[in-house]
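Please read the following account beside the sequence and the model, moving from a single annotated span to the chain as a whole and then to its surface.

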Amino acid sequence: MAQPPVPLKDMKLLDVKLGQLPTWLAMRDFTPGGILGALRRGHDRYYNKYINVKKGGIGGISMVLAGYVLVSYIWSYSHLKHDRHRKYH
């Protein structure tokens, strides 16, 4: 017995075919409340997968630290690029 197909609105991004992508994006909620809800769900999924576990490791915390390093480098890239061309005497 085959399962009924999942409606496009309820599909995950990785399950959406390329031709269905514009329709799927049009069905998303881009209001501030919808974006805040998506961020909250993402945080909850991350927390429950990497932080709130019985036998945790360093993986979850190291990903947060690596993300922080990457974002801080991107934010300060223009300043670093300017300093790179400065001559030191």
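How far apart do the end C-alpha atoms of residues 57-77 lie, and what percentage of the span is helix and what percentage strand? The end C-alpha atoms of this span lie 32 Å apart, and the span is 86% helix and 0% strand, where helices (H or I, at least four residues) and strands (E, at least two) are DSSP runs numbered from the N terminus. For residues 57-77 an unreviewed UniProt entry lists "transmembrane region"; UniProt positions follow the numbering used here, feature names are shortened, and annotations may be inferred rather than shown by experiment.

This is a predicted model, in which local features need pLDDT of at least 70 and side-chain atom pairs count only at pLDDT 80 or more, while totals for chains, interfaces and linings use all residues. Residues are numbered from 1 along each chain as its sequence is written, and side-chain values use heavy atoms, with hydrogens and water left out.

The protein chain has four helices and zero strands, in the order α-α-α-α from the N terminus on. Of its 89 residues, 8% count as buried, that is, under 20% relative accessible area, with exposed meaning over 50% and partly exposed in between (1.4 Å probe, protein chains only). The accessible surface of the protein chain comes to about 8600 Å², and 65% of that belongs to carbon and sulfur atoms; accessible areas come from the Shrake-Rupley method with a 1.4 Å probe, and for residues only the protein chains shown count as cover.

On this surface, Y47, Y50, I51, I58, I61, M63 and L65 make a nonpolar patch of about 660 Å². Patches are made of residues with over 30% relative accessible area and no salt bridge, like charges being joined within 9 Å and nonpolar side chains (Val, Leu, Ile, Met, Phe, Trp, Tyr) within 5 Å; a salt bridge is a side-chain nitrogen of Lys or Arg within 4 Å of a carboxyl oxygen of Asp or Glu. Helices α2 (32-51) and α3 (59-75) each supply at least two residues of the nonpolar patch. Y47 has its place in helix α2, and Y47 counts as partly exposed because its relative accessible area is 38%.
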